[in-house]
Amino acid sequence: MKIKRVRKFKNDAQHTTPGAIIYWMSRDQRIKDNWALYYAQTLALKYQVPLGIVFSLSPQFLGATIRQYDFMLKGLEALETTLSEYEVPFFLLLGEPTDTIEAFVQKNKVSALVTDFSPLKMQRHWKKHLFPTLEIPIYEVDTHNIVPIWEASEKQEYAAYTIRPKIHKRLAYYLDELKQIVPHLYSWPTTTHKTDWKGVYETLEVDEKVLPLDWLVPGEQAAKEVLEDFIDNKLDVYDKYRNDPNKQVTSNLSPYFHFGQLSPQRVALAVQASNASGDNKEAFLEELIVRRELADNFCYYNSNYDNFLGFPRWAQASLKAHREDPREFIYSKDDFEKGQTHDPLWNKTQEDLVNKGKIHGYLRMYWAKKILEWSRSPEDAMHISIYLNDKYAIDGRDPNGYVGIAWSIGGVHDRAWFNRNIYGKVRYMNFNGCKSKFDVDAYINNGTLV
């Protein structure tokens, strides 16, 4: 693997004990195609020590409901079963990582820790407080982005056109065949036990009214099957129909990316190797690589990715200038959540979010922009949009979600447009614009997202 995918913390710490090495799994919850896990095993084999995987489960996390927890836990349960083939134990720890990881390291005399990368504030907070307490080598591996975040750019990029050449310049180097772990040679020194998954569910302190999804199966194997279905049945018309929710050609891979059950690098390689036309490959890879990694870049370099202060200056000034503009409609958070607006198209998108855990990508922009138009302020619009997305979307609390909302409401990664009421110079969308893209009535009356 490319060593630039790895960065070491506590550079003065050395491997001074024959203790085990652990992979603290967080964002990337998979065995296959996982550079962080592969690097952890490489170290363990080098020092001839046991290898273990640790996952720390918080009883509640940023408003996540049983919908998101169930998808994640079922994926982890399948992962634990598969890990038995590799002689690598899985340890599910209950509690905040700042408490559980340090205790595990000390109790098991761990000699080094490897973890995966996330640009989001909560994960970075855990690491900031945990890493100084550990007197062992610590390695972070970006196994989520094809081009590691710290290699793609050293600053917040303005838009896709500024990061695109930087990523493309490095793709030939980083977009190589992934390495896989092998059955481990050195056994864990103590007896390990399978996780009591029923008991784990009982520890959760989450909203159980937002039910798990019945149309999407979690786990690495399911992710592989969804990818194969996309390539076989949708990719060759992706560019033509991706903005039409009635055509159902979107990949449905976002939940698997979010929970790390599928490697974007594996998807890129599979798409490149497919028989789809060049235009369709190019359109999909632009979304998969450039746009997705641009979202990580924004969240990594801008700590205000989830609020008004993260907007570009032109958008902040423009929205402030229109703060007192009269609104024809103003809805409360409860109105939005129940889908009780005057607009049947918007209500349908909210219905999809609540019932299906997703909104079609094109309509997600319309959904957020109308929340701006019908809220008292852009701050309220951001709060409501993030609340609804994180509560109902299966891929909530994700850089793509935060940036998609910030693009819609605050012009992030966009340019200034013509000045208008409420929106200022932020790009405008309306019902008639949607009608020019697809059959709105068909979607409202019969649309299903699967």
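User: How many salt bridges does a search of the whole structure find?
Analyst: The search finds 23 salt bridges, each being a side-chain nitrogen of Lys or Arg within 4 Å of a carboxyl oxygen of Asp or Glu. This is a predicted model, in which local features need pLDDT of at least 70 and side-chain atom pairs count only at pLDDT 80 or more, while totals for chains, interfaces and linings use all residues. Residues are numbered from 1 along each chain as its sequence is written, and side-chain values use heavy atoms, with hydrogens and water left out.

User: Which residue does Asp-176 form a salt bridge with?
Analyst: Asp-176 forms one with Lys-2, and their closest N and O atoms are 2.4 Å apart. This pair links distant parts of the chain, since Asp-176 is in the loop between helix H6 (160-174) and helix H7 (197-203), whereas Lys-2 is in the segment before strand S1 (6-9), 174 residues apart. Helices (H or I, at least four residues) and strands (E, at least two) are DSSP runs, numbered from the N terminus.

User: Is Lys-2 buried or exposed?
Analyst: Lys-2 is buried, with a relative accessible area of 18%. Buried means under 20% relative accessible area, exposed means over 50%, and partly exposed is in between (1.4 Å probe, protein chains only).

User: And Glu-287, what does its side chain meet?
Analyst: The side chain of Glu-287 meets that of Arg-242 in a salt bridge, at 3.5 Å from N to O. Here too the pair links distant parts of the chain, with Glu-287 in helix H12 and Arg-242 in the loop between H9 and H10, 45 residues apart. Glu-287 is partly exposed at a relative accessible area of 33%, and Arg-242 also counts as partly exposed, at 24%.

User: Where do Asp-352 and Lys-348 lie?
Analyst: Both lie in helix H15 (residues 344-356), four residues apart, which is about one turn of the helix. An α-helix has 3.6 residues a turn, so residues three or four places apart point the same way. Asp-352 and Lys-348 form a salt bridge whose closest N and O atoms are 3.5 Å apart. Asp-352 is buried, with a relative accessible area of 3%, and Lys-348 counts as buried at 7%.

User: Which residues are linked in a network of salt bridges?
Analyst: Arg-7, Lys-127 and Glu-140 are linked in such a network.

User: Changing topic to H8, which of its residues are buried?
Analyst: Helix H8 (residues 220-233) has 14 residues and reaches 20 Å from its first C-alpha to its last, close to the 20 Å expected at 1.5 Å a residue, where the expected span is 1.5 Å times one less than the number of residues. Its buried residues are Ala-222, Ala-223, Val-226, Leu-227 and Phe-230. Seen down the axis of H8, these buried residues fall within an arc of 140°, so they line one face of the helix; the arc is that of the directions from the helix axis to the C-beta atoms.

User: What's on the face turned away, and what does the buried side pack against?
Analyst: The face of H8 turned away from its buried side carries the exposed residues Asp-232 and Asn-233. The buried residues of H8 pack against helix H9 (238-241), helix H10 (254-258), helix H11 (264-273) and helix H12 (278-301), with contact meaning heavy atoms within 4.5 Å.

User: Why is H17 called largely enclosed?
Analyst: Eleven of the 15 residues of H17 are buried, so the helix is largely enclosed by the rest of the structure. The buried residues, among them Pro-378, Met-382 and Tyr-392, pack against H2, helix H13 (313-321), helix H14 (333-337), H15, helix H16 (361-373) and H18.

User: What about phi of Arg-397?
Analyst: Phi of Arg-397 is near 60°, a positive value in a residue other than glycine. Arg-397 is found in the loop between helix H17 (378-392) and helix H18 (399-410), and is buried, with a relative accessible area of 5%.

User: Last one, in what sense do S3 and S4 pair?
Analyst: Strand S3 (residues 51-57) and S4 pair in the parallel sense over five bridges, and two strands pair if DSSP finds at least two bridges between them. Phe-55 stands opposite Leu-92 in S4, and S4 (residues 90-94) is mostly covered, with four of its five residues buried.
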